[in-house]
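User: Could you walk me through this model, taking the chain contacts, the sheets and the packing in turn?

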Amino acid sequence: MAVDERKLEEARKPGFGLGLLKGMAVTLKHLFKHNTVIQYPDEKQDLPARTRGVIALKEENCTVCMLCGRECPDWCIYIDSHKETLAPKREGGRPRKRNVLDRFAIDYALCMYCGICVEVCPYDALFWSREFEYAEYDIRQLTHEKEKLSDWMATVLPPPPLEEGAELPGAPAETATAAGAAGAGSAQRPSSPAQDTAVEERPQQAAKTPEAAAASAPPEALASESQRSAGEVQPTGAGAAQAPTEQKSEAAVGDTTTAEPQQEIGAAGEQSDAVKSGSERTPSKPERKEAEAAAEPQGAGGSRGGEEPQAVYERVLQEQRDRGSSPQVAEARAKVARVKAERGLRSAVAPAPAAKPVPSAPQQTRPSEPESSGAPEASGPEPEPGPVAPTEEEATPAAQSEAEEATPAEQPQEEGTSPESPEAGASAAPQTSAEDPEAVYERVLAEEKAKGSSDAVATGRAKAARVRAQKGTKGPGG
Amino acid sequence: MAVTEDRGLADTNIDGVRDSSDVAAEVSSGKLMTEEMILNVGPQHPATHGVFRLLATIDGEVLVDADPIIGYMHRGYEKLVEARDYRQITNLVSRMDWLSGINNEIPLHIALETLMEIEVPPRAQYLRVAMLEMNRIINHLMFFASFGAELGAITPAFYAFREREDIQFALEMATGGRMHFGFFRPGGLKEDVPRGFFAQALKGVRQVIDRLPDYENLLIGNEIFKQRTVNVGVLPTDVAYNYGVSGPIARGSDITFDVRKDEPYLVYDQFDFDVCSAPHGDCFDRFWVLLHEVVESAKIVEQAIEGMPSGPIMGKVPRVVQAPEGEVYVRTENSLGELGMYLVSDGDRRPYRLKIRTPSYNNVSALPYVLKNTFVADMIAILGSFFFVLGDIDR
Amino acid sequence: MPEIALTAWQILIVKVLVILMVVPMGAIVGGYAEHKVMAHLQHRLGPMYPGGFHGWATTLADGIKFLYKEDIIPDAADKRVFSLAPAAIMVPIIMIYLVIPMDESLVIEDLDVGIFYLLAISSVSTIGVLMAGWSSANKYALIGALRSAAQLIAYELPVVLSAAAVAMLAGSLSLVDIVRAQDWMFILWPPGLGLALFLVFVTGAIAEMTRVPFDMPIAESEIITGPFTEYTGMRYIFSHMFAEMGHLIAFGGIGATLFLGGFQPIVPWEPLEVIPGIVWFLLKTFFMIFLFLWIRPTFPRVREDQLQKFAWKFLIPLSLVLILLTGAWVLYV
């Protein structure tokens, strides 16, 4: 009997108007209170990372296992595929068969947003994104085909860190090692699950994609791109090891456009083999972790060398617009960038002047180091060394754009370019090259075409690269 | 007069004037009788929370007879679930009573865990309790809001929704959903809650408690509100028993029955909370109980979060969730009353039969009794104080 | 002022135009005020977008939207009555504005029996409400109309009685004279008595306007705007929204005139008289309107029988007593 009967009887008695006055006082009090309303289209609530807004598809990861479609309670996922026979990997090997995804569509008019498909996907091909603004006037347009679903991928946030007392999923042991190596305090780093995921994802991907990618793109171009993307990270402030870390953490989110090429490298050339091995080999992991760990305190402390989250937002938004992304996508990407900036997941991306001089910058040729985590760009007259974080391959478009932004690399990697260890690379702030913007444009365009990007995307990226090159040349770092 | 005596109520009149049931009785006894008119309230009517229809025979302003008609929203859940596996059902049943989604999931999972003999780790149990109670608060605030709005006081609705938002956000942080959480799995939870969840949840519930005095000033203390609710729509204890009424409505009629207390599931027996009840059975008491249950739920949430054990959130569950042959009835305290699920399994991945006993269905069955001989305006107050969700009635 | 010779007809036309402008404009401003004040009382922002600055054009946009809506007349409705009802509601409300003095000379017609005219005309619109409710061939509308009529009869009396007391205090039925008589506002002086009269007047006015807590006739969660259930488009704004706003502002003005000293400064103090009378009048009217708006979101509505009980058993006896006291005050003080 929680209800105090006397109180209840008291409350039931009729009053003499005092209650009315009290009520009026309450409303009057609220008249002068500050409002908590969110003016929706202008300001948007920062939704939690787990928000079930829209389902994003990471096409490369999909093996057409049909689990999602089968588990869907209202059968709103449509999948078509065909089998393809591929040439054997090695001479005299057995030709292999592989499922190729032809159609992957989700009918959001039917979807009940239960998230079972995301949950059951064994290959991490489906993710929840917190975007929700895709209402349409025509119900048929609510069926998102795989292109659109892949677009959403850019808006996917890394999974949030877990609450205290939770058992960490993934590889807690690994994290511990890394933490141990790096020193105290970093083990708690929230972003680690995300990174772990990224790390885990790789082998699968590597296994799945090489052939396809090989067919589609010349390795050099790919290599160069990936290197560039790694290379231009400019640590702006303190932590030397920050650059690789940052990018890596972004890798967790994973848009895979850059991922494929990188995996290709292994098959493509010796040197890039080094890159690959650097990235995949287990021994390198601790180092990366270490680098991360070193960077973390700084990130956590909020003293990002880089920009304010809002600035990041503005900038990424602008970049995306320049690239010709749809406003929706641009905004979403920008938001993701902002969130990451807020969480301290990334910095690095400042287009602004590189803070540090670049002692080790020009490294034309170097013996490859086994434990290296990156390969510097070494080709042109403008050397572009930068620590390449191995797992960065799948950077979010946002990350990618940032990455691309900094230094238009001269040319594809040459043989004999040596990877650089993170420690070494750390001190080396990558610079922007003095390449002519137009040249950059042409080059990037060619690369994109080679990669098989659609015309629009290719031109978009090329333009963005040009813009960045223009900016970069002006910047003190270049 | 006869009606009043039937209900076994003394003349609990408050202002020295005969209350509505007396006037109404006089009308129906023939003294003031005029021509009757049939008024069709619903299926689309703002006071019916959806597609609920009330065929009211009115004589002037007095309801001589009321006949609730349901079924406009029947979706056939009991049949739907027979074609779906348990994970899918989790997401389906949360759509029955859409205001307390996660409360609908729990009986199913307890039933499954009982059949499969899974032990749920303590952390999962505590998290479940915390979320269930947060959901209950959200639900109660919603009814608080709508009850005020139906009586013409629109402001509490906005305040209540403001308070709901913080708790809602906490639940969204954890589950990703705002109404249909789909967060429980046989053996535990889908995943652990993200960092910041506890803080947000505590912030939410404490805020509600802090702001309850505002609500009391706005509604409970308001003389007009009292006039509209005290001794209006009296549901006597025995009638409540006979109709199988449960939840806050039954507790408003002096039935201190709460599954959480009387037949504790999960870890409810480890928490200190009270079962609210009030003796008069009128709209005011139902509302009073509703408001005080919010306080109790907030207490539980705080205790659960403060005593949260660490550890895994999933028990040992086989990869394929497949209940062995057998049957079990599980009842839990939904936000609106006793929610029972009778699960019959033939060993498949799907239930052979799932009978769902929803609280709202039983609760509204008492409506014709309560509505008889009241005013049209009282009808609104009574409908509002009967706290039903259409999806829960029709399933 | 330059001498402009206007014939009586021209003056009349100007006056009519002014009145016809004032009511819709007032409705637009009043509607906006209602949106915003209620929103802030309820801890939200209200309309923010239409028109740019804090959604100032909301009600304008609303009105235009209604203009474009289809005018539906139910098959079973009594069509002529149905279509005439909005006019029958609207015209008396417009006519209230005739006698309200906004400034010493800024009054359309200073009738000798101003207060009498005011009270008479303000209740005529109920006939329109009855017409609307009856002709709609809708049960909800019928219930609403009957409630409305019953409520009008009950609450007209307290308003009339309190206004009569004011006339006694001022010694005149002309509204301009009533205002002039208020060196000190009637709400302050006679002390207590004036306040009591004012409260009776406000209660009665709210009931006449059918606003919360006395909005049983239109109770939207119950009988869905009552008599206007079947109205759409232009007819709906005229019968419901314009009427409501017109009423609101009219009663704000009446309250300001009768109890708050109309165009006089709030206290008889020399420097305050620099401010023009119309400013005082508008300020006081806004205060009254704010009061009405403040009450609306705060209270639940009372039931029909309780409303009648309250009027006949409490309010009317109270106002009779107040009249007696006023008489005593006038005679002996």
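Analyst: Let me begin with a definition: two residues are in contact if their C-beta atoms, placed from the backbone, lie within 7 Å. This is a predicted model, in which local features need pLDDT of at least 70 and side-chain atom pairs count only at pLDDT 80 or more, while totals for chains, interfaces and linings use all residues. Residues are numbered from 1 along each chain as its sequence is written, and chains are lettered from A and ligands numbered from 1 in the order in which they are written.

User: OK, how many residues of chain A are in contact with chain B?

Analyst: On that count, 35 residues of chain A are in contact with 48 residues of chain B. Helix 1 (5-12), helix 2 (18-31) and helix 4 (116-120) of chain A each supply at least two residues of the chain A side, and helix 2 of chain A gives the largest share, 6 residues. Helices here are DSSP runs of H or I with at least four residues, strands are runs of E with at least two, and both are numbered from the N terminus.

User: And what classes of residue are on that side of chain A?

Analyst: The side of chain A that touches chain B has 19 nonpolar, 9 polar and 7 charged residues. In this scheme Ala, Val, Leu, Ile, Met, Phe, Trp, Tyr, Cys and Pro count as nonpolar, Asp, Glu, Lys and Arg as charged, and the others, Gly among them, as polar.

User: How many residues of chain A touch chain C?

Analyst: There, 11 residues of chain A are in contact with 11 residues of chain C, and the chain A side divides into 5 nonpolar, 5 polar and 1 charged residues.

User: Switching to sheets: what is the strand order in chain A?

Analyst: Chain A has an open sheet of 3 strands in the order 2-3-5, with antiparallel pairing; two strands pair if DSSP finds at least two bridges between them. Strand 2 and strand 5 (143-144) of chain A are at the edges with a single partner strand each, so one side of each has no neighbour in the sheet. Strand 2 (residues 77-86) of chain A is hardly covered, with 1 buried residue among its 10 residues. A residue is buried if 20 or more other C-beta atoms, placed from the backbone, lie within 10 Å of its own, exposed if 12 or fewer, and partly exposed in between.

User: Which strand is joined to strand 2 of chain A by 10 bridges?

Analyst: That is strand 3 (residues 96-107) of chain A, which runs antiparallel to strand 2 of chain A. Within this pair, I77(A) stands opposite I106(A), and Y78(A) has A105(A) as its bridge partner.

User: What about the sheet in chain B?

Analyst: An open sheet of 4 strands in chain B has the order 1-4-5-11 and antiparallel pairing, with strand 1 (37-41) and strand 11 (374-375) of chain B as the edge strands. Strand 4 (residues 53-59) and strand 5 (residues 62-69) of chain B are joined by 7 bridges, among them the pairings of L55(B) with D67(B) and of A56(B) with A66(B). These two strands form a hairpin with 2 residues between them, and G60(B) in the turn has a positive phi of about 65 degrees. On strand 5 of chain B there is also an antiparallel pairing with strand 11 of chain B over 2 bridges, where V62(B) has F375(B) as its bridge partner.

User: Now chain C: how many helices and strands are there?

Analyst: Chain C has 11 helices and 0 strands, and 51% of its 333 residues count as buried.

User: At what angle do helix 1 and helix 9 of chain C pack?

Analyst: Helix 1 (residues 8-41) and helix 9 (residues 233-259) of chain C pack at an angle of about 90 degrees, with their axes 8 Å apart. Axes are lines fitted to C-alpha atoms, for helices over the stretch in contact, and angles run from 0 to 180 degrees between N-to-C directions. Helix 1 of chain C is therefore roughly perpendicular to helix 9 of chain C, a term for angles of 65 to 115 degrees, whereas under 35 is roughly parallel, over 145 roughly antiparallel and the rest oblique. The residues that meet include G26(C) and G30(C) from helix 1 of chain C and M245(C) and G246(C) from helix 9 of chain C.

User: Last one: which residues touch the most other members of the largest nonpolar core?

Analyst: In that core of 235 residues they are A130(B), M134(B), A201(B) and V166(C), and helix 6 (residues 139-170) of chain C gives the most to the core, with 18 residues. A nonpolar core is a set of buried Ala, Val, Leu, Ile, Met, Phe, Trp, Tyr and Cys residues joined through C-beta atoms within 7 Å.
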